[in-house]
Amino acid sequence: MQAKAGKLLIGEGAPVSVQTMYDSALSGCNPSDVVARITSLSLMGCDAIRFSYINEDDSIPFAYIAEHSPIPVIADIHFDYKMAISALEHGADKVRINPGNIGAKWKTEEVVRCAASHGAAIRIGLNSGSLPKHDQPVPVHRLMVDTALEYLSWFESWGFENTVVSLKSTSIDETMEAARLFSSLSSYPQHIGITEAGDPVISAVRSTWALGRLLEEGIGSTLRISMTGDMEDEVAAGVELLRTLGLRKKGVRIISCPRCGRHSFDTIGFENRIRNRLLSIDKDITVAIMGCLVNGPGEAKEADFAITGMKEKVYLYKHGVLVSEIDSSDAERALFEAINE
């Protein structure tokens, strides 16, 4: 099955997409600044972005963002079904709800019928910490799947199938077991992720281990690598995971040395400054950033473009050929000029 959020297709036959969630409240934001940041995230490879939609004060900035965003905008709703309806009426391409915390069943039906009338998608989002109580000792992953299937039956009875399901836990095993079980029982597309996964290093390791295995099994139509960190890091990690698995081809591949006592060029600082700009380039190229003469020239020859630092100088390579020797302070300008040529 396939769902559609704005122009984004999710599910059977569509590429796996990368999502992130905006890290600040809508109220009090400058909507044009938000759109500018979304545009940057989109260039890095982000396919959709989600916002917490908390109260009616969020409606005006949300409407502006939804109208001007280059990628689909999703509203994250908890507790108040009226906020889901408000978000849909103000341009949401998709809403994420947990019918279990919306309240009475008729409230969920109101949201579903509103989504249908606006051509929007719904994500049924269930976390292990927000499941209904059960009078039998059922494993968490089974309870998540059974609950999702029950909600899907509601939606189908109301004639709605433009749905994505996510079953998340802080436990890697519970998340993977739930995703696998759901996939064996339903063809609805899944959004996959490890919830509250941790800081960028911890999250990248845990998420890559779990999501990479699921994706290799053909499970997962869209993903978020949740981090206690920057949205840009979430997107970079998600895109890199898809590239590593061969599920996304375009984009810059960055090679950089880990640095040691021989380094004579600040590769860490240099890469931190230019990484997001590099990842925003829609070219299938490899860029190497090396810090000394041991591996630098060799790696540079294998890359499409490379900067190798030695003492106060850096050496710019293009397709394996040394093209110039420049001051380290001029490295960024020289690298991007070469790429743009």
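This is a predicted model: local features need pLDDT of at least 70, side-chain atom pairs count only at pLDDT 80 or more; totals for chains, interfaces and linings use all residues.
The largest nonpolar core has 76 residues, and Phe51 and Phe62 have the most contacts inside it. Helix α6 (residues 140-157) gives the most to this core, with eight residues. Apart from this core lies another, of 20 residues, including Ile281, Phe305, Leu316 and Ala338. In soluble globular proteins, nonpolar side chains tend to be buried together.

Leaving aside residues up to four places away in sequence, Phe62 touches Leu26, Phe51, Tyr53, Val73, Ile74, Ala75, Ala87, His90, Gly91 and Ala92. One of these, Ala87, is also among the buried residues of helix α3.

Helix α3 (residues 81-89) is mostly covered, with seven of its nine residues buried. These are Tyr81, Met83, Ala84, Ile85, Ser86, Ala87 and Leu88. The elements that cover them include α2 (59-68) and α5 (105-118), along with β5 (73-76), β6 (94-97) and α4 (99-102).

Helices α10 and α12 pack at an angle of about 25 degrees, with their axes 11 Å apart. Angles under 35 degrees count as roughly parallel, and α10 and α12 are therefore roughly parallel to each other. The crossing of α10 past α12 is right-handed. The table lists the residues that make the contact.

| Helix | Residue range | Contact residues |
|---|---|---|
| α10 | residues 267-279 | Phe270, Arg273, Ile274, Arg277, Leu278 |
| α12 | residues 331-340 | Ala331, Glu332, Leu335, Phe336, Ile339 |

Of the residues in this contact, seven are nonpolar, three are charged and none is polar.

How values were computed. Residues are numbered from 1 along each chain as its sequence is written. Side-chain values use heavy atoms; hydrogens and water are left out. Axes are lines fitted to C-alpha atoms, for helices over the stretch in contact, and angles run from 0 to 180 degrees between N-to-C directions. Helices (H or I, at least four residues) and strands (E, at least two) are DSSP runs, numbered from the N terminus. Angles under 35 degrees count as roughly parallel, over 145 as roughly antiparallel, 65 to 115 as roughly perpendicular and the rest as oblique. A crossing is left-handed if the near helix is turned anticlockwise from the far one by less than a right angle, and right-handed if clockwise. Contact means heavy atoms within 4.5 Å. Ala, Val, Leu, Ile, Met, Phe, Trp, Tyr, Cys and Pro count as nonpolar, Asp, Glu, Lys and Arg as charged, and the others, Gly among them, as polar. A nonpolar core is a set of buried Ala, Val, Leu, Ile, Met, Phe, Trp, Tyr and Cys residues joined through side-chain atoms within 4.5 Å. Buried means under 20% relative accessible area, exposed over 50%, partly exposed in between (1.4 Å probe, protein chains only).
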